[in-house]
Amino acid sequence: MLTLKYSREGTAIVLVVIMLAVFLIMAAVSINVAYMQLVRTEMRAATDAAARAGTEALARQDSTVAAIDAAITLAAANTVNGQSLQLTASDIQLGRATSNDINKWTFDPNATPVTSVRVVATKTVPLMLSNVTGRGSYSPSTTATAAFSENEICLVVDRSHSMCFDTSGVDFAYPPGTPAGPSDPIIYPPQSVGSRWAALSVGINSFLSIVSSSNAYQKVSLVTWGSQITLADYEGGLTGRTFPASTVDVPLGTNFPAIATAISNRGNDVMLGGTNIAAGIDLGVEVLTGPGTRAYASKTMIVMTDGKWNMGRPAIEAAQDAKLAGITVYTVTFLDADQQDMKDVAAATGGRHYHASDADTLQDAFVEMARHLAVVLID
């Protein structure tokens, strides 16, 4: 009997040892699988950022050397396994990317003109518990390619009366030089210096300058909006003018100087009415889905306002219609505008929201969007 007892105890110990070994191996494998996935995710983020940076530098500076340098620099700014991702020029490929009618992209290395940057990165990282799993390292390789996108962009900007105010953020505070009489200042155009419209003009001109100088093929349109003004309204009766809630000032195309001229002409005229943001978005959707648009082009709307929605249907409803039409909406709020509404509009379509607290940051927002929209990740 004693022999049998000891035999059973010995067998149990062996089984426990075997199970512990199995559990240890399973734990080691699970840890390493999760770790490998993390490393691959970090590699993907780093190579995506590097490819975009290289392509943006190519668009901005028209230099392949600058493109390679920017890709290497951005990769090094990202960490993989706690260390910066180090690339060399041999890891960067330049070429031409083209898309077809079903929005499929192809990359042709070394083809000209150069419109695309591809980053191929490999990094070896040590694995944990290698004495248990029998594998001491992992060497993932990731590829990211960014290209100039064919874009169709509609600038949808606020021309309500508040755009005549100064940039202090105070309602009905006008910049110096605005006549105080003999009637309501509402009858006068915005000042060419110091008004919110003047700040917007600088931002849009900066946007157009970058877009026109990039190698990307981009069409741009201008829609301005406020609210409908009739002769029965206070502003209409005072000025003898009527205005629709939204207007296509410049149709979609590559005539960028026409947009700058339209912005200048608007600045020389009275600006009346309230904030019907949806009217502007709805007309922007018509522009980006109308005759002459291309089905496979990236469609983007940039909606700028300094106010709070107070007329027409909610802007979020218009944004949802834009999304159904395949349009991404970027929003820019200025000074005391309702940021949350415009954040929601952007988020509903996968776009971005920018807030500008002064004229300089408004210009910065338009510059950043111009550089960002010219580039798209294609793999």
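**Reading the model**

Guide: Helix H2, residues 64–76, has 13 residues, and its first and last C-alpha atoms lie 19 Å apart, close to the 18 Å expected at 1.5 Å a residue. The expected span is 1.5 Å times one less than the number of residues. Helices (H or I, at least four residues) and strands (E, at least two) are DSSP runs, numbered from the N terminus. This is a predicted model, in which local features need pLDDT of at least 70 and side-chain atom pairs count only at pLDDT 80 or more, while totals for chains, interfaces and linings use all residues. Residues are numbered from 1 along each chain as its sequence is written, and side-chain values use heavy atoms, with hydrogens and water left out.

Visitor: Which residue caps the N-terminal end of H2?

Guide: A polar contact is a pair of N or O atoms within 3.5 Å; within protein, one must be able to donate a hydrogen and the other to accept it, and residues adjacent in sequence count only if both atoms are side-chain atoms. Here serine 63 is the cap, with a side-chain oxygen 3.4 Å from the backbone nitrogen of valine 65. At the start of H10, a side-chain oxygen of aspartate 358 comes to within 3.2 Å of the backbone nitrogen of aspartate 360.

Visitor: Which residues of H2 are buried?

Guide: Buried means under 20% relative accessible area, exposed over 50%, and partly exposed in between (1.4 Å probe, protein chains only). In H2 the buried residues are Ala66, Ala67, Ile68, Ala70, Ala71 and Ala75. Over the chain of 379 residues, 46% are buried.

Visitor: Why does aspartate 48 count as buried?

Guide: Aspartate 48, in helix H1 (residues 2–61), counts as buried because its relative accessibility is 18%. Contact means heavy atoms within 4.5 Å. Beyond residues up to four places away in sequence, aspartate 48 touches Ala144, Leu377 and Asp379. Its C-alpha atom is 8.1 Å from that of threonine 143, 95 residues apart along the chain.

Visitor: Which residues touch the most other members of the largest nonpolar core?

Guide: A nonpolar core is a set of buried Ala, Val, Leu, Ile, Met, Phe, Trp, Tyr and Cys residues joined through side-chain atoms within 4.5 Å. In the largest one, of 34 residues, they are Leu155, Leu200, Ile204, Phe207, Ile302 and Phe366. Elements giving two or more residues to this core include strand E9 (151–158), helix H4 (196–213) and H10. The largest share, seven residues, comes from H4. Leaving aside neighbours within four places in sequence, phenylalanine 207 is in contact with Ile153, Leu155, Ile302, Phe366, Met369, Ala370 and Leu373. A second, separate core has 29 residues, among them Met36, Ala51, Val80 and Leu127.

Visitor: Which residues form the covered face of E14, and which the uncovered one?

Guide: In a regular strand the side chains alternate between the two faces of the sheet. Tyr354 and Ala356 form the covered face of E14, whereas His353 and His355 form the uncovered one. Two strands pair if DSSP finds at least two bridges between them. E13 and E14 pair in the parallel sense over four bridges, and histidine 355 in E14 is the bridge partner of threonine 333.

Visitor: Where is serine 162 placed?

Guide: Serine 162 lies in the loop between E9 and H4. Its side chain and that of aspartate 306 are joined by a polar contact of 2.8 Å.
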